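Please look over the structure shown below together with its sequence, and keep both at hand while reading the report that follows.

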Amino acid sequence: MPMLLNNRYQVIQTLGSGGFGETFLAEDTQMPSRRRCVIKQLKPIQDNPQVYQLVQQRFRREAAILEELGDGSEQIPKLYAYFLEKGQFYLVQEYIQGQTLTQKIQQQGLMSESAVKEILISILPVLDYVHSKGIVHRDIKPDNILIRYADGKPILIDFGAVKETIGTVVTPSGNSTRSIVIGTPGFMPSEQLAGRPMFASDIYSLGLTAIYLLTGKMPQEMGTDPATGALLWRQYALNVTPSFAAVLNKAIQFNVRVSAAPPQEARFISAREMLQTLQSGAAPFPPTMPYSQPPVATVPSLQIPENTVAVSPSNSNQTPVNQSSGSGQKGILLGSIIAGALIGTSVIIGFALSNRQQPQPIAQQQTPQSTSEPNPVEPKSEPQANNPAISEPSQQTPEPQETVLSEPTPETSIPQATQTTAPQVDRTSPEEFVRNYYATINQGEYQQTWNYLAPSFQSNKRLHPQGYLSYIDWWGGRVQQVEVDRVSLLGTGTQTATVNAQLKYLMKNGKVVSSSVNFSLLWDAESSGWVIADAK
Ligand SMILES: Nc1ncnc2c1ncn2[C@@H]1O[C@H](COP(=O)(O)OP(=O)(O)OP(=O)(O)O)[C@@H](O)[C@H]1O
């Protein structure tokens, strides 16, 4: 008797299976056409009622995001339904008839530069759209891009955020955390490995996916330059033009710190930037320019399967979970060993980067259309410029629309988080937090500092008309550095603090502007850290 899920979906075959559960091809018996669908089963990694309830809430929220993404782009499968059955979570998605990029290369051989460019030009707007919703895909690789038979368009599948949700665990002290890092060894940049996926992490993975299409080689199969750590891929793709090679090299740069590194040594900061560079046909920097690569790229020098793995950067006794790829190579044991090796690396990098639990990137902006330069207004002349979190609104920017993501859900909303009893020991002081905020900005870690803003503050349209893009326009584009002269505590509640910071902005145009900012901080129990609710 074939399996009937949710008393509705008739399973036809298993498409894949791994640590998170199985993926099925099924027929919807309650549709006249018995339309086909893909059902993804996800099992929570920790089995206890408290976790189950949390995962359930988060799963609902992630499902809402997937629904929105699928509805907003025809290159993302639609979410038809989600349900819970026998303690497991299921997503019912549109079935795309097509071939993964891995299957395509295996069957048809390497792709030409123009074919790869075409795929990038078609998928980058999708990625830009996903990022505009505050979502990092986390697992871009040849297995997770399908080329649809009907129109030849690339389709982005298998978003990692849902799996991360499934990886929710409760620590012995009773705090919940997303304890796992989702991604695929070789395709994952170091910041993601360290538990801090950024929008630019997807660019890195996409760059390596493009290199795979040109070379037929997985990242681990190619050597790295011992001096720079750069991936030595050009020898496998000799026909690639220098300008296209330079675009790909910029996509796979280790460095995502825009202000701290010369532009030629930093990764593209957004999908849109990469798209524009590709479309302009110009090299992003002279191809002979040296570039840096993540030293961690050399860590998994074993023969690594391209499977998605989940590793824990913060909880090393968490059993790593490995999910097999659709190609049928399981490699669970090897994957686990590698995941174990990565845990050590992750812990070190994770601690080096921050003491905060991985924040969920949340950005509420719609895909901004304007590519114009921001107004070169000095901080003093604009009230917003005195604000630590703001950027100059571009006058040509369309008003972003409210989205389902704009409203913090009860589970992540600051008010609720602040009702929870926060740990009273080992709390970073509010003053230290503010100093750390600017130190992190000075390091160019804008994604991280953006995540220090409460969702309601992020979605302040006056300050951030284009969401995160406005934020990095300001910090990455105009401000060279911020000097913190003095930080003083003005008041505290049990879960709140008001802090004044006396600042000096060193602007890129050479001006120096002094400013006084009052921060309203809230304690976020979920991430065990302060968040900025307001700044004036
Ligand atoms: N919406 C979809 N339409 C058609 N095929 C799909 C869809 N989603 C997944 N698949 C295919 O199903 C197979 C299994 O997919 P999935 O990626 O969910 O599992 P997996 O490869 O085991 O997981 P992971 O990539 O997370 O390790 C793959 O061949 C994939 O291409």
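Predicted model: local features only at pLDDT ≥ 70, side-chain atom pairs only at ≥ 80, totals over all residues.

Strand β1, which covers residues 4-5, is joined by two bridges to strand β2, which covers residues 9-18, and the two run antiparallel. Within this pairing, leucine 4 stands opposite glutamine 10 in β2. The two strands form a hairpin with three residues between them, and asparagine 6 is found in that loop between β1 and β2. The phi of asparagine 6 is near 55°, a positive value in a residue other than glycine. Because its relative accessibility is 32%, asparagine 6 counts as partly exposed, the range for that class lying between 20% and 50%.

Two of the facing pairs can be located by residue: threonine 14 stands opposite phenylalanine 24 in β3, and glycine 18 stands opposite glycine 21 in β3. Strand β3 is mostly covered, with seven of its eight residues buried.

## Lysine 40 and its strand

Strand β3 in turn pairs with β4 in the antiparallel sense, over five bridges. In this pairing, the bridge partner of threonine 23 is lysine 40 in β4, the strand that spans residues 36-42.

Lysine 40 also carries an annotation, since UniProt lists Lys40 for "binding site" in an unreviewed entry; such annotations may be inferred rather than shown by experiment. Is lysine 40 buried or exposed in this model? The residue counts as buried because its relative accessibility is 12%, which falls under the 20% cut-off for that class.

## A loop residue with positive phi

Lysine 86 is found in the loop between β5, residues 79-85, and β6, residues 88-94. It has a positive phi of about 50° although it is not a glycine. With a relative accessibility of 78%, lysine 86 counts as exposed, because the cut-off for that class is over 50%.

## The three-stranded sheet

Three strands form an open sheet in the order β7-β8-β9, with antiparallel pairing. Its edge strands are β7 (98-100) and β9 (154-156), each of which pairs on one side only. Neighbouring strands of this sheet are turned by 35° against each other on average, direction ignored. Strands β7 and β8, the latter covering residues 145-148, pair in the antiparallel sense over three bridges, and the bridge partner of threonine 100 in β8 is leucine 146. Helix α2, made up of residues 101-108, packs on the sheet and touches β7 and β8, with a direction that makes about 90° with that of β7.

Helix α3 lies across β8 and β9 of this sheet, running at about 25° to β9.

## Helix α3 along its length

Helix α3 covers residues 113-132, and its 20 residues reach 28 Å from the first C-alpha to the last, which is close to the 28 Å expected at 1.5 Å a residue. Where in α3 does a kink lie? A kink of about 25° lies at isoleucine 123, shortly before proline 125. Just after α3, glycine 134 takes a positive phi of about 85°.

Strand β15 is joined to strand β16, residues 496-507, by 11 bridges, and the two run antiparallel. Within that pairing, glycine 491 stands opposite threonine 498 in β16.

Key
Residues numbered from 1 in each chain as written. Heavy atoms only, no water. Helix = DSSP H or I, 4+ residues; strand = E, 2+ residues; numbered from the N terminus. Buried < 20%, exposed > 50% of the residue type's maximum accessible area, 1.4 Å probe, protein only. Expected span 1.5 Å × (residues − 1). Bend = angle between axes of the 7 residues up to and from the residue. Pairing = 2+ DSSP bridges. Axes fitted to C-alpha atoms, helices over the stretch in contact; angles between N-to-C directions. Contact = heavy atoms within 4.5 Å.
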